[in-house]
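Open the model in your viewer and keep the selection tool at hand.

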Amino acid sequence: MDFISPEIEDYALQHSSPESDVLQSLNRETHARVLYARMLSGHLQGKFLEMISSMLSPKRILEIGTYTGYSAINLAKGLCPDGILHTIDVNDELEGIIRKSFTKAGLSESIHLHLGNALDIIPQLKEIWDLVFIDADKENYRRYYELIFERVRPGGIIIADNVLWSGKVLDEAYQDAETRAIRAFNQFVMQDNRVENLLLPIRDGLMIIRKK
């Protein structure tokens, strides 16, 4: 995921609004206690998600892939006063960290955590989505997209994370299932005339998709 030099990243961090105390604490705890801490959105990406959410002022957000809750907190900061964020994760071992952080952020009433298989849970959520963030198992990105698309309002935003997949999308030597799934998802979005999209090289790549 190291697409820019550490010096440029440090400069960007120094010239971005600072990470909140709650997010700093969650960042430290994730790196100290949880495997694969690189999955955390991190400050720059988290602030970007917060900015997008704040500009939309959404009533309903869906996040597919909670991990320890860092990105959910960022996204929830942009909710309108009566807004709700639904977040789904398959790993119930992280529930304690997630709920503690939501409470510390004062967002426990605004964020609904669902534990289980997202493919089963999404159809049960009878909402119209203003904003969807996809950051779960890569092989199912296309399925998640198709599950939620009809329930995203016109003008709504879908954001998919990890669409550069540490640069593997460019190297045909990588033919594992996850890399092939990300390549196929990116190509599918490019050919979907129901949307307009922008792939941003932020961290591991964010695909920003606006439903027409």
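Select D137, E139, D176 and E178: together they form a negative surface patch. Keep in mind that this is a predicted model.

Which loop holds D176? Look between β5 (152-161) and α8 (177-190), where D176 lies. Is D176 buried, partly exposed or exposed? D176 has a relative accessible area of 31%.

Next, clear the view and select L35, Y36 and M39. These residues make a nonpolar surface patch of about 400 Å². Zoom in on M39. The loop between α2 (21-33) and α3 (43-56) contains M39.

Is G205 buried or exposed? G205 is buried, because its relative accessibility is 0% and the limit for buried is under 20%.

What does G205 touch? Leaving aside residues up to four places away in sequence, select A160, D161, N162, V163, L164 and L200 to show its contacts. Then draw a distance from G205 to L164, one of those contacts. Their C-alpha atoms are 4.9 Å apart, although the two residues are 41 residues apart along the chain.

Notes
Residues are numbered from 1 along each chain as its sequence is written. This is a predicted model: local features need pLDDT of at least 70, side-chain atom pairs count only at pLDDT 80 or more; totals for chains, interfaces and linings use all residues. Side-chain values use heavy atoms; hydrogens and water are left out. Patches are made of residues with over 30% relative accessible area and no salt bridge: like charges are joined within 9 Å, nonpolar side chains (Val, Leu, Ile, Met, Phe, Trp, Tyr) within 5 Å. Accessible areas come from the Shrake-Rupley method with a 1.4 Å probe; for residues, only the protein chains shown count as cover. A salt bridge is a side-chain nitrogen of Lys or Arg within 4 Å of a carboxyl oxygen of Asp or Glu. Helices (H or I, at least four residues) and strands (E, at least two) are DSSP runs, numbered from the N terminus. Buried means under 20% relative accessible area, exposed over 50%, partly exposed in between (1.4 Å probe, protein chains only). Contact means heavy atoms within 4.5 Å. Lys and Arg count as positive and Asp and Glu as negative; His and the chain ends are not counted. The place of a charge is taken as NZ of Lys, CZ of Arg, CG of Asp or CD of Glu.
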